[in-house]
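Okay, thanks for making time, everyone. I've got one model to walk you through, so let me put it on the screen.

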Amino acid sequence: MPSLSTVRRSAPPTTTASPSSSAPPAAEPTRPPAASISATSAASEPAAHSVPLSGGGAVLTVVPRRNRWTWVGVAGVGLLVAMFVNGLVTNPGWDWPTFGRYFATETVVRALGTTIQLTVLGTVAGFALGLVLAAMRLSSNAFLRTVAWAYIWAFRSIPLIVQLLFWFNIAYLYQTISVGVPFGPSFASVETNDLLGALGAAVLGLALHQAAYAAEIIRGGILSVDEGQREAASALGIPRRRQLTRIVLPQAMRSILPNAANEVISLFKGTSIVSVLAIPELFYQVQVIYGRNSRVVPLLLVATVWYIILTTLLSIGQYYVERHFARGSARSLPPTPLQRLRARWAGIATQAARRPEAVGR
Amino acid sequence: MTAAVDLRGVTKSFGAHRVLDDVDLELAEGTVTVVLGPSGSGKSTLLRTINHLEKIDRGQVRVNGTLIGYRRVGDRLHELPERDILRQRSRIGFVFQQFNLFPHLTVLENVVEAPVSAQHRKRSEVEVEARTLLERVGLADKAAAYPRQLSGGQQQRVAIARALALQPDVILFDEPTSALDPELVGEVLAVIKELARDGATLVVVTHEVGFAREVADTVVFLDGGRVVEQGPPEQVIDHPTHERTRAFLDRVL
């Protein structure tokens, strides 16, 4: 027994159990000072030590770890943001009065309309053709696969601006366009330039360019849907087109949408390239105006702010469309920012309602 | 009387590997057939040839006398256009190991989809029927839920209701309980047993030997793509005559 008590005495406070496990203090070489200090109390009332160690009963508060460098980073970035905003407000070069004068003038708004029109037509036609190309690339027929692949290869290789100039000058290659039997007689023909004006050439170029990218995005989305889905639809005898529109595409939309939104936004801004065809879209129009009055910076700002506003609207639209297609993907959909805001507002309101009595006391 | 399912000389290879080797099988209407066999023995492939999810190299498959997947011209079989195959499949229910419910559709929409789009029946009519079927599998209250909100056992029961909605001549089950947690197996087997009691024609590929003994009219033991032994469960399971059957049962029991 005496030998046992000496062992206990030298043991670290963590061990209240068997002498065998607590025997050598060397087993925990990092803690000998603590062990020697608490050795007497550990021997006299071991129970007192076991309570905080096992955490029994006491509710312990968790303190999150903080990183000092984060705060340094926040301060640094905050400073840069403040300098930028200060520059925007105080630098006379931005010429905000001129910006205000031109921001919503009729010519600018009409040009904005043209930009939107180009975006919508390019998107709709581009994605429609893209869907066909995607279906061709996924076809079991090697010829269709190859043609679709070649199309995508060609239109991704040619810069958009080069392609637009080609379409603009198409009348140089084909003066007239005829309807008739291929390689045979024609029934009717029109002048190419009458059929395809500058705007037509622009829409065609944008749509054909867009189709190549849309095809790959759609194909990727379709491939991301589990093979079992197609198999189940097929085992149930669901007609082939219905399999695509009802079962595969709605699920593919989840991975198509973020990429498609990227494409629509870049097409929207990409319409500024069309200014090479002298089409009065937003960017061309501000160029015309600053060519007249030499106020380059404020007018570029006019275009910039419109691009930002419309891209923001598109992003908001994207959020809700994505949410729609997320049905069933999670057990329950997270609240929208608006719902969250409303919930928070309701929370503040109830708190405010509760507060007066607290103040009253 | 024509057999509900009739396989003659069905042969199928994946590359050089022969998965099904001259399989003959005749299953009478209203019977429950359980296909047992070690993994890789061709059980699932056999089941998938019955609704032409798997093309065969030789032989013929008939369901209720109709040649499945092919059209006979002289002594040759020409594969049917996909449209016709899809129409044939809508009379053959199939329940997958991984359920394969459509996750973006509600439970009710999952059940209603095929009868409306494949059999051109009226949606309102099918919906009433679908609710009855969901009640039958014990999920009447889950009609508006999405598949991911359900447990595996519940999902598989929805999948069974989805197959039943087509009013099929025969229902094929491909290891219906293999993807389930052990405590959920019972609820799915109970639903299948009830179908058996109601006189449906069922073909079940499974590892549940107990289920086979209790429910099956015929047990088919498959190994190496061949039917090694076939007969009532008390014969095949309790008194197997073939060494390979015995070895398999020793391993799983």
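**A buried asparagine, then the interface**

Let's begin with Asn110(B): its relative accessibility is 1%, so this residue counts as buried. Keep in mind that what we're looking at is a predicted model.

Where does Asn110(B) sit? It's in helix 3 of chain B. One polar atom of the Asn110(B) side chain is 3.1 Å from the backbone oxygen of Leu105(B). And which residues does Asn110(B) contact, if we skip neighbours within four places in sequence? That list is Leu101(B), Phe102(B), Leu105(B), Pro147(B) and Arg162(B).

Okay, on to the two chains. On the chain B side, 27 residues are in contact, and they meet 23 residues of chain A. Together the chains bury about 2300 Å², with carbon and sulfur atoms accounting for 52% of that.

How many salt bridges cross between chain B and chain A? The rule finds four. One of them pairs the side chains of Glu113(B) and Arg246(A), at 2.9 Å, N to O. As for polar contacts between chain B and chain A, the count is nine residue pairs, both residues at pLDDT 80 or more.

So what supplies the chain B side? Helix 2 (82-89), strand 8 (92-95) and helix 3 (107-117) each put in at least two residues. Helix 3 of chain B gives the most, with four. By residue type, the side of chain B that touches chain A splits into 13 nonpolar, eight charged and six polar.

That's my bit, over to you.

Definitions and conventions:
Residues are numbered from 1 along each chain as its sequence is written. Chains are lettered from A and ligands numbered from 1 in the order in which they are written. This is a predicted model: local features need pLDDT of at least 70, side-chain atom pairs count only at pLDDT 80 or more; totals for chains, interfaces and linings use all residues. Side-chain values use heavy atoms; hydrogens and water are left out. Contact means heavy atoms within 4.5 Å. Buried area is the accessible area (1.4 Å probe) that two parts lose on being put together, summed over both. A polar contact is a pair of N or O atoms within 3.5 Å; within protein, one must be able to donate a hydrogen and the other to accept it, and residues adjacent in sequence count only if both atoms are side-chain atoms. Ala, Val, Leu, Ile, Met, Phe, Trp, Tyr, Cys and Pro count as nonpolar, Asp, Glu, Lys and Arg as charged, and the others, Gly among them, as polar. Buried means under 20% relative accessible area, exposed over 50%, partly exposed in between (1.4 Å probe, protein chains only).
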